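Please keep the viewer open as you read.

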Amino acid sequence: MTEIPSLVLVLTGAATGLVGALLGLGGGVFLVPLLTLALHVPIRTAIAASLISVIATASASSTINLERGLVNMRLGMSLEVATTVGGLTGGLIAASLTHRQLFLAFGTTLAIMGVVMALRSGRRNVIADANVEPGRLGGRLVEDGRTYVYRVRRLPLAMTASLVAGAISGLLGVGGGIIKVPVLNAFCGIPIRVAAATSAFMIGVTGAASAFIYFGRGDVVLPLTAAVAIGALPGSLLGARLTHKVQARSLKLLMAVVLLIVGLRMALETL
Amino acid sequence: MTSHARRLERVIEVALTGGVFVSGLLLVTGLVTASTAPLWWGVLLLILTPFVRVVVVTVGLVLDDDWPFVAISLFVMGVLLSSLWVAVRL
């Protein structure tokens with residue numbers, strides 16, 4: 001691997017951190033392809049750097065999301081049961097699968113999720129009557145001065161998606177928001193902003209479950225990882241602030257396009 | 001949202017901000033001085049920050065007598081400790 005200027009790595013981290021926080025994805029889904037395809041970083045090094053960067057992004061953006069009341073902490077904690085088990089498992093089996101198998105399966109999944117998001121982008125998951133009881137895991141969301149209620153539906157599906165997301169996070173260093181956010185929003189009744197913020201809240205813990213293993217295995221190249229993470233911090237803070245200003249429908253469509261492009265790009269890598 | 005829940009969220013915000021700030025400072029120091037020790041500690045602290053968040057949440061839930069969620073939080077902490085244990089043995 002040739003020496004990559006730190007500034008390039010910092011800017012790469014900043015750009016992926018910004019988009020990651022904006023979409024609640026953690027940014028790894030863009031960082032791994034950028035590091036491997038554009039900067040020719042070995043895939044295992046890129047995954048390890050991405051995991052650390054995703055933890056930085058998720059932790060930084062969660063401070064803002066908490067302040068805004070967008071994080072559903074009880075739902076996040078419940079789903080962390082599945083994401084951490086998935087993250088630990090994914091980190092452990094990362095060495096035993098071929099990259100081709102992983103890229104093909106993951107790419108196809110992303111493309112499908114992109115189509116699902118695009119088809120359901122006009123859907124609203126909130127109840128206008130603020131007096132309706134949200135249930136133990138549901139919540140209230142204040143938007144444009146109005147209070148909305150949402151209820152959590154299909155919890156087993158949310159848990160399954162979280163388990164898969166955790167495993168993918170551990171295997172590919174992508175955070176897992178790319179699976180959780182579309183499922184929580186499209187099938188489980190969670191408004192997109194709450195889904196993105198709650199996903200980011202979980203991603204730090206999910207990433208840590210597998211990052212310990214990558215760190216212990218010696219896959220973390222310190223200067224490269226540090227430069228990427230340093231860039232990801234301000235990028236994610238800016239992204240978390242901007243998410244408030246973007247329309248929910250635009251956010252969903254943007255995510256759908258991103259999922260489709262990244263999914264197809266990853267699937268094409270296997271040809 | 002109850003004042004207890006809001007206070008817990010505030011403590012989590014402080015824990016996350018503190019972890020990110022100190023690790024960021026260590027990473028910048030390591031990059032500028034080209035020394036490995038601050039980079040190593042910076043990365044380790046960054047990975048530990050979400051773990052600290054889980055500890056803070058667990059303590060907050062114990063103080064709130066919210067035992068079902070204390071159990072959930074302890075399970076998550078157990079998985080993270082297992083991961084740490086595996087990493088140390090690698």
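This is a predicted model: local features need pLDDT of at least 70, side-chain atom pairs count only at pLDDT 80 or more; totals for chains, interfaces and linings use all residues.

A:T98 counts as exposed because it has 9 C-beta neighbours inside 10 Å; a residue is exposed if 12 or fewer other C-beta atoms lie within 10 Å of its own, buried if 20 or more do, and partly exposed in between, with C-beta atoms placed from the backbone. You will find A:T98 in the loop between α4 and α5 (99-119) of chain A. Helices here are DSSP runs of H or I with at least four residues, and strands are runs of E with at least two, numbered from the N terminus.

Residues are numbered from 1 along each chain as its sequence is written, and chains are lettered from A and ligands numbered from 1 in the order in which they are written.

**Loop residues with positive phi**

Which residue in the loop between α2 (28-38) and α3 of chain A is worth a look? That residue is A:H40, whose phi is positive, near 55°, although the residue is other than glycine. A:H40 is exposed, as 11 other C-beta atoms lie within 10 Å.

B:D65 sits in the loop between α2 and α3 (67-89) of chain B, just after α2(B). B:D65 is not a glycine, yet its phi is positive at about 60°. With 7 other C-beta atoms within 10 Å, B:D65 is exposed.

**The hairpin of chain A**

Strands β1 (residues 139-143) and β2 (residues 146-150) of chain A form an antiparallel pair with five bridges; strands pair if DSSP finds at least two bridges between them. A:E143 has A:R146 in β2(A) as its bridge partner. Two residues lie between the strands of this hairpin, and A:D144 has a positive phi near 50° there.

Chain A contains ten helices and two strands, in the order α-α-α-α-α-β-β-α-α-α-α-α. The radius of gyration of chain A is 17 Å, close to the 18 Å of the globule rule for 271 residues, so chain A is as compact as a globular protein of that length. That radius is taken over C-alpha atoms, and the globule rule is 2.2 Å times the number of residues to the power 0.38.

Chain B has three helices and zero strands. Its radius of gyration is 16 Å, well over the 12 Å that the rule gives for 90 residues, so chain B is more spread out than a compact globule.

The table sets out some values for each chain. Contact means that the C-beta atoms of two residues, placed from the backbone, lie within 7 Å.

| Property | Chain and value |
|---|---|
| C-alpha extent along principal axes | Chain A: about 60 × 35 × 30 Å |
| C-alpha extent along principal axes | Chain B: roughly 50 × 35 × 15 Å |
| Buried residues | Chain A: 59% of 271 residues |
| Buried residues | Chain B: 37% of 90 residues |
| Contacts at least 24 apart, among those at least 6 apart | Chain A: 81% |

**Helix α2 of chain B**

α2(B) has 28 residues and spans 40 Å from its first C-alpha to its last, close to the expected 40 Å; the expected span is 1.5 Å times one less than the number of residues. Where does α2(B) kink? The kink, of about 30°, is at B:T49, shortly before the proline B:P50. The bend is the angle between axes fitted to the seven residues ending at a residue and the seven starting there.

**Where the chains meet**

Contacts join 38 residues of chain A to 39 residues of chain B. On the chain A side, α3 (43-67), α4 (73-93), α8 (192-217) and α9 (222-242) each supply at least two residues. α8(A) gives the most, with ten residues.

**Confidence**

The model scores ipTM 0.90 and pTM 0.84. Chain B averages a pLDDT of 89, and 98% of its residues score at least 70; pLDDT is the predictor's confidence in each residue, from 0 to 100. Within chain B, confidence is lowest in α1 (residues 3-33), with a mean of 88, and highest in α2 (residues 36-63), at 92.
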